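Hi,

Here is the structure I promised to pass on.

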Amino acid sequence: MAVEQAPAGGTNLVDLVFMAADFLWGGYWGDDQIVPMGPMVVALLGIGLFLMVRLGFRPVRTLGGAFSRLWGGRKGDESAGDITPWQALSTALSGQVGTGNLAGVATAISLGGPGAIFWMWITALFGMALSYAEGSLAVRFREKHADGHFHGGPMYYIKNGLGKGWGWLAVVFCIGALFSALATGNMIQSNSITNGVQTGTENNIARILPCQLLQPTANIGMSACEARRIVDAGGIIELDASGRARGARAAAAADAAEAAAAAAAAETGQVIDPEAAMAAEAAPGVLTADTLRLVVAAWIPGALIAFFVFLVIIGGIKSIGRVAGIMVPFMAAAYVLVAAFVLVLHIEHVPGAFMQIFEYAFGFGPAVGGLAGYAVMEAVRFGVARGLFSNEAGQGSLPIAHAAAQTKNPIRQGEMAMLGTFIDTIIICTMTALVILVVAGQYPTEGGGFVEYAWMSIGELQDVGITSAAFGQGLPVVGGWVIGLALALFAFTTLIGWSYYAEQSATYLVGDWAAKPFRFVWVAMVFTGAIQANDFVWRLGDIANSAMALPNLLALLLLSGMVVKYTRDFDKNGVVPPAWFGDTAKGPDGKPVASAKPESGKGEEPAG
């Protein structure tokens, strides 16, 4: 995930976390850009390109065939996994399709220009090679444990594919995965849903709910009941410089305003409206009945989210797979159809949007300060970083879901995995981008002015607010609600998908006994995140993503020779690579061709 620059000059822990995250993903250290692009972006994109070339661009060449087999993935071999290949893909997509498809795309365009979308496409194409390798290795080196379930992912293909000497790398991956899951896959997602609910209920639901179920939009150090009692009586709440309640003047404030108006009228002969006198007194440092904003208390949506997450994840991967298999395809298709409807209404602007994307990608569009080269670098930086954040290719999360698939063919599941990257970025992110680029209107920007497109707004619209504004303009009345609902559904499915990734990492570290207790921990953290999250958690998550991705990328690099060899064997002779847990590979004639479990513990082919 790309991040904006951290506050300069800080030496405390918070500032160090901000600067470390900015360096890893953006190349910045404080105010200084140390390298043109973040090391994580270079590693993900570089290894993706390396794998794509070694595979002879097979992920692109076989894309059509993979889509043709997609519907058949609804049925699997129950002897070889926990969920169908379709459900495994849906579970992986539940983590991929999230806030990155809404907020990440908008941020990429606003910071990197329309050209950032082109580089998101390139990232997705290279990411398909990463996803293919991850998915196939996950099935190849998964294990069937005493609990009857299949366990797999980077930690298992590191241990079983590279050998026991690399066990430490698997541990590093699991620690990073747990950290990342609890921060960005859990707390941030539940907080996003809560924020969406509160935004939609501001001052509307507040009129009908008891004050005990409400809270002010800002932390003023005063309960909703106390604040509403004061302002409903005509009082004023005075705020200090930090926005906290400094004191209050109750109904006497209204009486004073009326007295002041009467005195002024007697003295000058002019009639002054008491409400105008109150408004004049209600400067930016005070709250009145007109300026107090109340929303539903965060614990209410937090408790509801936690409850529904609990209902899904308590049944384990089979329950998660069933729910994801229904919800994810439905919500993705519905979102794409709504976006397509908006584009049809603005069809005359769609060709121009594509032209913008290509012009800005190569520096032919308007450049910042006339520096075309700088504009291209910004497009590359934010396009690549946001694309990787959205599709998670190479991060190591996707293969954990694909390892549970009911299949004995690593090749075919690898193809399913690469479809997830294509669907997430090339289809869903592109639809979001086109709506943002084609829907013109009057959008607020700094200084009280207006701009023609939401992505041009500075200081007023940010992240998902850009997407919401564009949809709201394209579909008046309902557009904003569509994005709010999409954000809630995307975040919810991310919560259930990442719960499995975190659970598998925890059980790898401490044992399978921890699976069910961990589910309760996950639900508790969902509630905690719903009522409290901040930018610091995001930056911690960025660092955790790196701790998760780097071990996985190193393993993919070391195992790339094996991936290439068994892929070529399958394409030439139809030989299915043997699975680690005891299956036997079969050739075109149906006869066994190789032992399933290598005696050396390192695989039949050299890891390089």
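Tyr335 and Phe490 are both buried, where buried means under 20% relative accessible area, exposed means over 50% and partly exposed is in between (1.4 Å probe, protein chains only). Before I go on: this is a predicted model, so local features need pLDDT of at least 70 and side-chain atom pairs count only at pLDDT 80 or more, while totals for chains, interfaces and linings use all residues. Residues are numbered from 1 along each chain as its sequence is written, and side-chain values use heavy atoms, with hydrogens and water left out.

Back to the rings. A pair of aromatic rings is described by the distance of the centres and the angle of the planes. Here, rings of Phe, Tyr and Trp (its six-membered ring) pair if their centres lie within 6.5 Å; planes under 30 degrees apart are stacked, over 60 edge-to-face, and the rest tilted. That rule gives a count of 17 aromatic pairs. One of them is Tyr335 with Phe490, an edge-to-face pair with 5.8 Å from centre to centre and 70° between the planes. This pair links distant parts of the chain, with Tyr335 in helix 14 (residues 316-345) and Phe490 in helix 20 (residues 479-510), 155 residues apart. Helices (H or I, at least four residues) and strands (E, at least two) are DSSP runs, numbered from the N terminus.

Tyr360 and Trp455 have ring centres 6.3 Å apart and planes at 90°, so they are edge-to-face too. They also link distant parts of the chain: Tyr360 sits in helix 15 (residues 350-361), Trp455 in the loop between strand 11 (450-451) and helix 19 (464-474), and 95 residues separate them. Tyr360 is buried at a relative accessible area of 16%, and Trp455 is buried at 10%. There is an aromatic cluster as well, formed by Phe118, Trp119, Trp121, Phe354, Phe358 and Phe362.

Helix 5 (residues 85-96) has twelve residues and reaches 16 Å from its first C-alpha to its last, close to the 16 Å expected at 1.5 Å a residue; the expected span is 1.5 Å times one less than the number of residues. Twelve of its twelve residues are buried, so helix 5 is largely enclosed by the rest of the structure. Among them are Trp86, Leu89 and Leu93.

Gly574 follows helix 23 and has a positive phi, near 70°.

What about the cysteines? The structure holds zero disulfides, a disulfide being a pair of cysteine sulfur atoms within 2.5 Å. Cys174 counts as buried at 0% relative accessibility, and Cys429 counts as buried at 3%.

Met187 and Met525 are 338 residues apart in sequence, yet 6.5 Å apart in space, C-alpha to C-alpha.

Cheers
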